[in-house]
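Please keep the sequence and the structure in view while reading.

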Amino acid sequence: MATARLARAAPTAAGAALHAAGGRLPLPGGDTEIDWKAYMAEVEGVINGTYDYTQLQGDTGPLVYPAGFVYIFMGLYYATGQGTDIRMAQHIFAVLYLTTLLLVFLIYHQTCKVPPFVFFFMCCASYRVHSIFVLRLFNDPVAMALLFLSINLLLAQRWGWGCCCFSLAVSVKMNVLLFAPGLLFLLLTQFGLRGALPKLGICAVLQVVLGLPFLLENPVGYVSRSFDLGRQFLFRWTVNWRFLPEALFLHRAFHLALLATHLTLLLLFVLCRWHRTGEGILSLLKDPSKRKVPPQPLTPNQIVSTLFTSNFIGICFSRSLHYQFYVWYFHTLPYLLWATPARWLTHLLRLLVLGLIELSWNTYPSTSCSSAALHVCHAVILLQLWLGPQPFPKTIQHSKKAH
């Protein structure tokens, strides 16, 4: 299930050790690894002194993740006996799973929007998510745990530390950038352009610091490999576009149409759902104290709703979703479904949407019906987010005159 890594490479010493176990390493519980062996081979290349990203490869192809991934999985490499102690790796990822749940529960506790019974389904009802964390050992859960830590820091008004953790999550896997439009809007709303620049600087500087050994060796190779936005995905693994002909799925015009739709919908949410002060959108660039409408502190629901919606829109129009990508938004789905009350969407219907999404992600290989069902569920959530009560209520511009 490696994501669009088409080149093949001979295994390194770690890869050879894993091959000795019989190709794809059997995991406890009867499952098999997918990318773990490749992760360990890629990391071992760095340990052996290779800092040119174009030369770092595993059995599934070249290294395509930023430097934060290398450092974290280098730690796992040493903690698991050069990647061969899979039981230890599973124990570490089990702790990561529980930590992720704790971080998510802390977020939901501050929003007070989701009924308690929903958390049972989040904890117990997803075989796919348990597999991604504890059996498959993907890097996606690591990135998402750091992302949820970042959101907790933002909710605590620790914006600098929140941006630092956000950048660290991006350095593990760049899918976290789907949250970036929402974060940028929040920073501009809270601080204006001048106040937001230092926070954005934290994100940029951390990326440079983490990638410095690789940037010094081959800057173009590092950036082009770790932040490759044009990477081609394999049709055989797609969860969301199975009903399309493969030629259309691979066509550049289809990718550009999805990108245009993604950006258009984001802009509509910014203009019509998030920015509702009555001033023009450019007022976000001003210092908050100089705006016509006095600034109000951002509430937990405004922060969470903006970030979760930004990510969800990106997922809806992704060029392809692979099975491990489910964790990109699984823990946000209850909030997206329950945070905006809608009479037409009862508790039962919301649970039905969750169930259909889970069924779509558990259908392997995906079918035209499972992909179509996933899009229908996404459309229901998007419609509710658009029609439901706004997280940013409209502000009437009479505050200064009243004084």
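## Annotated transmembrane regions

According to an unreviewed UniProt entry, the annotation "transmembrane region" covers residues 63-80, 92-111, 166-188, 200-216 and 253-272. UniProt positions are given in the numbering used here, feature names are shortened, and annotations may be inferred rather than shown by experiment. The model is predicted: local features need pLDDT of at least 70, side-chain atom pairs count only at pLDDT 80 or more, and totals for chains, interfaces and linings use all residues. Residues are numbered from 1 along each chain as its sequence is written, and side-chain values use heavy atoms, with hydrogens and water left out.

Residues 253-272 are 100% helix and 0% strand, and their end C-alpha atoms lie 28 Å apart. Residues 166-188 are 61% helix and 0% strand, with end C-alpha atoms 16 Å apart. Helices (H or I, at least four residues) and strands (E, at least two) are DSSP runs, numbered from the N terminus.

## Helix H16

Helix H16 (368-387) has 20 residues and reaches 28 Å from its first C-alpha to its last, close to the 28 Å expected at 1.5 Å a residue. The expected span is 1.5 Å times one less than the number of residues.

Buried residues of H16 include Ser371, Leu374, His375, His378 and Leu382. Here, buried means under 20% relative accessible area, exposed over 50%, and partly exposed in between (1.4 Å probe, protein chains only). The cover over the buried residues of H16 includes H12, H13 (300-316), H14 (333-338) and H15.

## Leu321 and its contacts

Leu321 lies in the loop between H13 and H14. Because its relative accessible area is 0%, Leu321 counts as buried. Leaving aside residues up to four places away in sequence, Leu321 touches Trp237, Thr238, Val239, Asn240, Ile315, Trp361 and Leu374; contact means heavy atoms within 4.5 Å. Asn240 is 81 residues from Leu321 in sequence, yet their C-alpha atoms are 5.9 Å apart.

## Pocket and cavity

On a 1 Å grid over the protein atoms alone, a cavity is a set of points where a 1.4 Å probe fits but cannot get out, and a pocket is an open set with protein on both sides within 12 Å along at least five of seven lines; lining residues have an atom within 4 Å of a point. The largest pocket holds about 880 Å³ of space. Its lining has 30 residues, with Met174, Leu178, Leu229, Phe233 and Arg319 nearest the centre. Helix H12 (residues 252-274) gives the most to this lining, with seven residues.

There is one cavity of 30 Å³ or more, and the largest cavity has a volume of about 60 Å³. Phe269, Arg273, Trp274, Ser305, Thr309, Thr340, Leu385, Pro389 and Pro391 line the largest cavity. H12 supplies the largest share of that lining, three residues.

## Backbone geometry

Most residues other than glycine have a negative phi, and most peptide bonds are trans. Tyr364 and Pro365 are joined by a cis peptide bond, with omega about -10°. Pro365 lies in the loop between helix H15 (347-362) and helix H16.

Cys112, in the loop between helix H4 (86-111) and helix H5 (118-124), has a positive phi near 55°. At 66% relative accessibility, Cys112 is exposed. Gln157 has a positive phi near 65° and lies in the loop between helix H7 (140-155) and helix H8 (159-170). With a relative accessible area of 38%, Gln157 is partly exposed.

Methods: Grid points are joined across faces, edges and corners, and a volume is the space filled by probe spheres set on the points.
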